[in-house]
Amino acid sequence: MGGLLVAAWLRQTQGMALVESYRLWQVFWQSVPQREEVLADARLRELQYRITEMENENRQLKRLLERQPTMSREGIWGAVIGRGADAWWQVVLVDRGQQHGVKPGF
């Protein structure tokens with residue numbers, strides 16, 4: 001008897017309730033971000049953050065380079081042209097030498 005009532009109701013409404021339900025279900029699942037989209041958005045935000053950080057660091061380094069002539073008494077300026085293979089952060093090769101006032105252990 002229940003199946004007959006459902007069939008009559010579907011015929012009367014021409015299945016619009018089912019069509020609407022299906023449409024709402026599709027809209028819901030299309031609005032839920034997929035895993036790949038979430039990961040891509042997170043990666044994009046990370047890269048934007050890193051760009052901002054590097055721009056800030058670059059700005060600070062440029063300010064230091066502008067002050068270089070006034071800082072000559074405070075240190076010896078040089079560029080890092082190589083790093084030690086075993087101690088990457090502890091050993092550096094610079095483009096300054098003894099003729100510039102650099103001594104072993106500096």
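This is a short walk through one predicted chain, from its overall layout down to a few side chains.

Some ground rules. The model is predicted, so local features need pLDDT of at least 70 and side-chain atom pairs count only at pLDDT 80 or more, while totals for chains, interfaces and linings use all residues. Residues are numbered from 1 along each chain as its sequence is written, and side-chain values use heavy atoms, with hydrogens and water left out.

Confidence comes next. pLDDT is the predictor's confidence in each residue, from 0 to 100. The chain has a mean of 77. Of its residues, 78% reach 70 or more. Which element has the lowest mean pLDDT, and which the highest? Helix α1, residues 2-13, is lowest at 68. Helix α3 is highest at 88. Where pLDDT is low, the predicted coordinates should not be read in detail.

Now the layout. We have 3 helices and 2 strands. From the N terminus the order is α-α-α-β-β. Helices (H or I, at least four residues) and strands (E, at least two) are DSSP runs, numbered from the N terminus.

How much of the chain is buried? Of 106 residues, 4%. Buried means under 20% relative accessible area, exposed means over 50%, and partly exposed is in between, with a 1.4 Å probe and protein chains only. The accessible surface comes to about 10,100 Å². Carbon and sulfur atoms account for 59% of that surface. These areas come from the Shrake-Rupley method with a 1.4 Å probe; for residues, only the protein chains shown count as cover.

On to contacts, meaning heavy atoms within 4.5 Å. Take the contacts between residues at least 6 apart in sequence. Among them, 12% join residues at least 24 apart.

Ile76 is worth a stop. Ile76 sits in the loop between α3 and β1, the latter being 80-83. Ile76 counts as partly exposed because its relative accessibility is 41%. Leaving out residues up to four places away in sequence, Ile76 touches Arg96, His100, Gly101, Val102 and Phe106. Ile76 and Phe106 are 30 residues apart in sequence, yet 9.9 Å apart in space, C-alpha to C-alpha.

Next, helix α3. How many salt bridges does the whole structure hold? The search finds 1. A salt bridge here is a side-chain nitrogen of Lys or Arg within 4 Å of a carboxyl oxygen of Asp or Glu. The partners are Glu46 and Arg43, with the closest N and O atoms 3.2 Å apart. Both lie in α3, 3 residues apart, about one turn of the helix. Glu46 is at 38% relative accessibility, so Glu46 counts as partly exposed. Arg43 is at 43%, so Arg43 is partly exposed too.

Also in α3, residues 35-66, is Arg59. Arg59 counts as partly exposed because its relative accessibility is 43%.

Last, helix α2, residues 16-31, which holds Phe28. Phe28 is partly exposed because its relative accessibility is 42%.

To recap: 3 helices, 2 strands, 4% of residues buried and 1 salt bridge.
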